[in-house]
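Come along and have the structure at hand.

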Amino acid sequence: MTDTNATWRNRSLQAVWHPCTQMKLHGTPDSPRQPLVPIVRADGVWLEDAEGQRYLDGISSWWVNLFGHNHPAIRAALVDQLERLDHVMLAGFTHPPVVELSERLAKLTGLGHAFYGSDGASATEIALKMSAHYWRNAGRAEKCQFVALEGGYHGETVGALGVTDIPLFRTAYAPLLRLAATVPSPDARRATTGQTAEQVAEAAADQLEAWLQAHHQTTAAIIVEPLIQCAAGMVMHHPRYLQRVRALCDQYEVHLVADEIAVGFGRTGTMFAHQQAGIRPDFICLSKGLTGGTLPLSAVLTTDTVYQAFYDEDVARGFLHSHSYTGNPLACRAALATLDLFEQTGILEKNVQTSDQLWAQFAPLTDHPRVHHARRLGMVFAWDVPNRLPDFAKRFAAHALARGAVLRPIGHTVYAMPPYVISEAEGALLAQAALGALEATLAEESAGRPQSTTGVVDGV
Ligand SMILES: *Cc1c(COP(=O)(O)O)cnc(C)c1O
């Protein structure tokens, strides 16, 4: 068999069960529908398929990549680490990369005692378990419920789904879940005429306050995606909301879990999104950009107070959670190399210009008569496109791909979240592909074409 796109596509359809996908909508080898894209190499913002076609990764491969694919410094760190130590269990053992990474994350966040998992969802599970166990150790075992935001997303393992409010991902598993309560989102788009985003935030915080008044005695924690609810469709809110949540958590003795899995590591302009509100959470969940998009790794950081509640001669009061690959040395080295890049490149300052430049390049999209609520924060850009196509996102993604860009709208929200290293010329190409894809998709709406075109679930 030759190494063609069709070969890999067909073998993949036989052997691989793809994530977030109704497999039937990809078709069969004999009757392909929306084709899988076999990627064999990547460099910078570019992904390359088995036949040499290149695609600009406009969404950083599900929001994980920061400094471009195959970055030489991260690769060199990984090669160096492979020559020393591949892996060792972290119970009873330790190693330089995990120690250094934990020290550096503590310095960056003001929280410490780094506990590691492998994915974002496992970080959510760790934070929820730690919070409830803290209250149990503090003699308040009744504080074991969670509250989350409407439209929030914190991962899809059974525990994480309990605090995730995206019905498409949750409905089938409802009988397995212990659902958290949800409170209204501070979504800035909800501002009525004359209302500011800050006033929307205040109103949402008032609703949280009413909820906590009634339920704080049984509530362990609230979990929040600071500044942007990404999976909900790049839903942005005013930092005032986080200040109010912090104050309410203090008042009602409830933990604040900041899920920075998507918004951490500079996406919103600051290293961590909650820093724009000047607050300190009780727990921070990190993953995605943590390794620069190279290896799976997640971390939960917390306060000395939480840590001390577990510190005891009694084993059962300890946090006994574990994953086999906890603190994997290779993943930690990739994370250290990524943190080095933040220091060496001054990327957060550079991103101020890159964001302005991209926003200018996206102006034709922003000014498009069908676009509502054009918005950006840091290196996240989004546009709502109300329309009649039930499969708008799939169609748009296919048209963008045909124009050399990976862009996958969430519902009717088009967004871009490119790697930070995107050049001006690449930005122009991305903006052009986005506009072209929008026009082509809206032309199909006018033509009333009914057929769904891809296997990917509309919405991620
Ligand atoms: C992606 C994401 C997660 C889940 O991370 P996985 O690595 O996909 O399990 C959790 N929270 C937020 C905010 C995310 O964006």
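**Entry one: helices 8 and 9.** I looked up the handedness here, and helix 8 and helix 9 cross in a right-handed way. I am working from a predicted model. Helix 8 covers residues 197-215 and helix 9 covers residues 240-252; their axes lie 8 Å apart at an angle of about 20°. Angles under 35 degrees count as roughly parallel, and helix 8 and helix 9 are therefore roughly parallel to each other. I noted who meets whom: the helix 8 side includes Ala201, Ala205, Leu208 and Leu212, and the helix 9 side includes Tyr241, Val245, Leu248 and Tyr252. By class, I found nine nonpolar, two polar and six charged residues in this contact.

**Entry two: helices 4 and 11.** Next I turned to helix 4 (residues 96-109) and helix 11 (residues 329-345), which pack at an angle of about 40° with axes 9 Å apart. That angle makes helix 4 oblique to helix 11. Their crossing is left-handed. Among the residues in contact I wrote down Leu101, Leu105 and Leu108 of helix 4, and Leu336 and Leu339 of helix 11. The class count gave me ten nonpolar, no polar and five charged residues.

Which residues does the UniProt annotation "binding site" cover? The unreviewed entry lists Trp62, Tyr153, Lys288, Ser322 and Arg408. They span 347 residues in sequence and the farthest two C-alpha atoms are 34.1 Å apart, so they do not all gather at one spot. I found Ser322 in the loop between helix 10 (304-310) and helix 11.

Note on methods:
Residues numbered from 1 in each chain as written. Predicted model: local features only at pLDDT ≥ 70, side-chain atom pairs only at ≥ 80, totals over all residues. Heavy atoms only, no water. Axes fitted to C-alpha atoms, helices over the stretch in contact; angles between N-to-C directions. Helix = DSSP H or I, 4+ residues; strand = E, 2+ residues; numbered from the N terminus. Parallel < 35°, antiparallel > 145°, perpendicular 65-115°, else oblique. Left-handed = near helix turned anticlockwise from the far one by under 90°. Contact = heavy atoms within 4.5 Å. Nonpolar A, V, L, I, M, F, W, Y, C, P; charged D, E, K, R; others polar. UniProt positions renumbered as here; feature names shortened; annotations may be inferred.
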